[in-house]
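Me: Put the structure up, please. I have some questions about how it packs.

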Amino acid sequence: MTHTTRTTTEDVRTGRAAPRTARGRRVHRAWWVAAVAALAVMGAGAFATMPGLLVEPLHRDLGWSRGSIGLAVWVNMAASGLVAPFATALMGRFGLRRVAAGALAAVATGAALTTVMTQPWQLALYWGLLVGLGCGSVAMGFAAVVVERWFAARRGLVTGLLTAASVFGQFVFLPLLSWSIERYQWRPTTVTVALAALALVPLAGLLLRDHPADLGLRPYGAREYAPRPAPAPGAARHALRVLRSAARTRPFWLLAGTFAVCGASTNGIMWSGFVPAAHDHGMPPTVAASLLALIGIFNVAGTVVSGWLTDRHDPRLLLALYYGLRGVSLLLLPSLLGPEADWPLIVFVVFFGLLDVATVPPTIALSAVREIYGEGAGAVVFGWTLAFHQLGAGVMAFTGGVLRDALGSYDAAWIVSGALCGAAVPMALAIGGPARRAGSRP
């Protein structure tokens with residue numbers, strides 16, 4: 001027979017015992033919370049990468065220029081990146097459940113309104129701003145809060161699973177969405193996206209909880225009861241204070257600059273431009289989307305290996321190597337595209353996939369140098385560099401569309417992206433390490 005222990009008000013106040021244990025339960029509630037978080041993160045990944053599939057249909061059906069469509073993609077990426085440093089502050093103030101439900105509702109609203117738009121500025125407002133803010137609010141910062149609050153054990157496992165969910169949403173659903181657009185057109189597919197986001201709202205409301213203490217539970221694997229922390233209304237101000245402090249250092253701007261190049265050469269041109277560029281060369285969109293999904297599969301291996309290397313080698317040298325190799329591959333891509341996925345293009349996909357997210361572990365390591373940014377500021381510094389990543393991605397998405405309209409192909413966009421990666425090599429090497437600090441702005 002299972003006994004349930006109830007706590008008194010004094011127990012809750014002092015945190016001396018858990019009000020209830022998960023003993024006798026098949027699954028700790030933390031795993032249900034993690035499952036809903038995984039669905040939200042997966043959906044955000046899928047919704048964020050869909051604009052690349054809409055470029056050609058919108059250009060064909062509505063007659064909009066690729067530059068105007070690219071501007072909406074820029075708004076989407078910029079909104080997603082800029083909201084990230086503040087999303088966790090909102091979760092501390094209003095709770096996981098409210099923020100997640102509100103973010104998913106924003107995605108559903110933006111996607112639904114997209115189906116009735118008639119002007120390019122509406123795409124920038126609906127899919128750009130609303131979907132961008134929603135996706136940015138339930139990205140990896142949201143996942144990090146779930147892990148921190150609900151898990152005392154298996155944190156690495158759960159973080160890995162939620163990261164995998166993001167990659168799964170970004171790449172595995174792309175061929176399905178591409179097939180749906182080709183078979184049923186873009187409006188029904190966009191309605192499906194809106195309904196999927198809307199279906200997640202009640203799941204977030206019913207299964208998500210802000211903290212184990214709300215249900216009288218310990219975090220998974222915890223021996224001691226953890227009382228719910230008080231709301232932190234000053235978290236947003238703390239994020240801004242960290243930004244002001246970091247902005248006075250030269251390494252921060254070099255790190256932010258390299259990560260902006262990272263965004264421009266991945267999300268900015270690859271995820272928004274690869275499918276329409278391949279279509280220009282006669283490749284079916286479903287095949288091009290499948291190649292992007294293959295890149296996502298190799299992302300996982302590349303990130304794991306990069307993390308292992310970051311523990312053993314200078315992260316600045318790794319970043320320089322990654323950007324140099326990525327730049328060369330992008331310069332070669334125009335000569336590899338064709339109507340079929342031949343083996344040289346497959347080699348590029350595998351190679352690029354290994355390099356794509358490999359920049360994240362060394363960037364996180366360089367964000368956490370306490371001699372430069374201070375103790376405990378690394379996560380916030382990385383959040384701001386992630387914002388620059390998305391800004392760079394948005395600018396490149398817009399630039400790629402403009403170049404395609406002006407020159408009739410994406411070839412120049414690939415060359416510009418490769419050149420930016422080349423410029424990032426000396427920037428990465430110049431980033432200060434633990435023993436170097438630059439007290440002035442560049």
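Me: What is Phe274 in contact with, neighbours within four places in sequence aside?

Reply: Leaving those neighbours out, Phe274 touches Ile269, Ala288, Leu291, Leu292, Leu333, Leu337 and Trp414. Contact here means heavy atoms within 4.5 Å. The model is predicted, with pLDDT of at least 70 needed for local features and 80 or more for side-chain atom pairs, while totals for chains, interfaces and linings use all residues. Numbering starts from 1 along each chain as its sequence is written, and side-chain values use heavy atoms, with hydrogens and water left out.

Me: Which residues have the most contacts inside the largest nonpolar core?

Reply: Phe142, Met270, Phe274 and Trp414 do, in a core of 103 residues. A nonpolar core is a set of buried Ala, Val, Leu, Ile, Met, Phe, Trp, Tyr and Cys residues joined through side-chain atoms within 4.5 Å. Buried is under 20% relative accessible area, exposed is over 50%, and partly exposed is in between, using a 1.4 Å probe and protein chains only.

Me: Which helix gives the most to this core?

Reply: Helix H2, residues 29–49, with 12 residues. Helices (H or I, at least four residues) and strands (E, at least two) are DSSP runs numbered from the N terminus. Another core, of seven residues, lies apart from the largest one; Phe252, Val381, Trp384 and Ala387 are among its members.

Me: Back to Phe274. How many residues of helix H13 are buried?

Reply: Nine of the 11 in H13 (residues 270–280), so the helix is largely enclosed by the rest of the structure. The buried ones are Met270, Trp271, Ser272, Gly273, Phe274, Val275, Pro276, Ala277 and Ala278. Just after H13, Gly282 has a positive phi of about 90°.

Me: Which non-glycine has a positive phi?

Reply: Gln185 has one, of about 75°. Gln185 sits in the loop between helix H9 (173–184) and helix H10 (186–207).

Me: Is Gln185 buried, exposed or partly exposed?

Reply: Partly exposed, at a relative accessible area of 39%.

Me: Change of topic, H6. Where does H6 bend?

Reply: At Val131, by about 25°. The bend is the angle between axes fitted to the seven residues ending there and the seven starting there.

Me: How far apart are the end C-alpha atoms of H6?

Reply: They are 24 Å apart, which agrees with the 26 Å that the 18 residues of H6 (residues 120–137) should span. The expected span is 1.5 Å times one less than the number of residues. The buried residues of H6 include Leu123, Tyr126, Trp127 and Val131.

Me: What does Thr114 touch, leaving aside its neighbours within four places in sequence?

Reply: Leu123, Tyr126, Trp127, Trp186 and Thr190. Thr114 itself is in helix H5 (residues 96–114) and counts as buried, at 0% relative accessibility. Its side chain reaches the backbone oxygen of Gly110 at 2.7 Å.

Me: And Thr359, where is that?

Reply: In the loop between helix H16 (343–356) and helix H17 (360–367). Thr359 is buried, at 0% relative accessibility. Sequence neighbours within four places aside, Thr359 contacts Phe259, Cys262, Leu319, Tyr322, Tyr323 and Arg326.

Me: Which helix holds Leu331?

Reply: H15, residues 315–336. Leu331 is partly exposed, with a relative accessible area of 45%.

Me: Now Ala30. How is the C-alpha of Ala30 placed relative to that of Arg149?

Reply: The two C-alpha atoms are 9.2 Å apart, for residues 119 apart along the chain. Ala30 is in helix H2 and is buried, at 0% relative accessibility. Beyond its neighbours within four places in sequence, Ala30 contacts Trp150, Phe151 and Tyr220.

Me: Last one, the whole chain. How many helices and strands are there?

Reply: There are 20 helices and zero strands. Buried residues make up 51% of the 442 residues. Of the contacts with a separation of 6 or more, 81% are between residues 24 or more positions apart.

How values were computed
A polar contact is a pair of N or O atoms within 3.5 Å; within protein, one must be able to donate a hydrogen and the other to accept it, and residues adjacent in sequence count only if both atoms are side-chain atoms.
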